[in-house]
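Here is a short walk through one protein model. Keep the structure in view while reading.

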Amino acid sequence: MSEALDTDKLEREVKSMYQDVAESADADFHFETGRDLAVRLGYDPDKLDYVPDAAIDSFAGVGYYFDLAELGSGADVLDLGSGSGMDAFVAGLHVTETGAVTGVDMTTEQVEKANALAADNGFHNVIFREGYIEDLPFEDDSFDAVISNGVINLSAEKGTVFEETNRVLKPGGRLALSDIISEQQMPESIKSDADLWAACIGGAEQIDSYTSLIENAGFSVTEVRENAQYKFVSERAANACEKYGVKSISLGATK
């Protein structure tokens, strides 16, 4: 982590940005949101028909990973940085009423919105809690799978996130995620910029370092693939992507 990064400011920037995503999905961000993005990334349109529209409108994911998660009926699933809840609702369809999905997010507005959508749309097996992915409010060996979409790059303590993920997973449990990584080390001017962190750029870890953090936490990485269909939309973010090889990947791992 950069010594120059103000982590308190980062938290404020991230909360502010994703509060805006929750409350105004059609505002201008560094990234795309919504159904067209989800379908282009690989989500099944038929499954999305069962997901609350308001959750889809605020979807700000960076890839598709549900084939890597292999979620079956009855599974207990944790979604790190669940946001408006779209991925948690999709997971809820996979695990059926016999399973359960818990989303955790540090943004109060996102948690409140997602819980309201779950209640209003009959998702009795999906619940959302406020909390930090670096300090998960769950017991050891609680979940069969952990999923996450475009969130871990926002953390200044990624190693801790993966250690916590390993802790709450049952033996043999699966981690499946999409995230933003870089091919090259980025300069301090970018890594210390809280706005670019909040935009998923500044916190992008080099891919070798990213997978090492996962393996050091006790996982075996089984697959890494690039999501070429994901693009940033702001000029500032796009320039950083082109210069430093910032891009989206999906990754699967087992405990």
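A crossing of two helices is called left-handed if the near helix is turned anticlockwise from the far one by less than a right angle, and right-handed if clockwise. Helices are DSSP runs (H or I, at least four residues), numbered from the N terminus. The model is predicted, so local features need pLDDT of at least 70 and side-chain atom pairs pLDDT 80 or more, while totals for chains, interfaces and linings use all residues. Residues are numbered from 1 along each chain as its sequence is written, and side-chain values use heavy atoms, without hydrogens and water.

Helix 8 passes helix 11 in a right-handed crossing. Lys158, Gly159 and Phe162 of helix 8 touch Tyr210, Leu213 and Ile214 of helix 11, where contact means heavy atoms within 4.5 Å.

Next come the charged pairs. Side chains of opposite charge can pair when their charged atoms come close. A salt bridge is a side-chain nitrogen of Lys or Arg within 4 Å of a carboxyl oxygen of Asp or Glu, and by this rule there are nine salt bridges. One of them joins the side chains of Arg35 and Asp49, at 3.1 Å from N to O. Arg35 belongs to helix 2 (residues 35-41) and Asp49 to the loop between helix 3 (45-48) and helix 4 (53-57), so this pair ties together parts that are 14 residues apart in sequence.

Conventions:
Helices (H or I, at least four residues) and strands (E, at least two) are DSSP runs, numbered from the N terminus.
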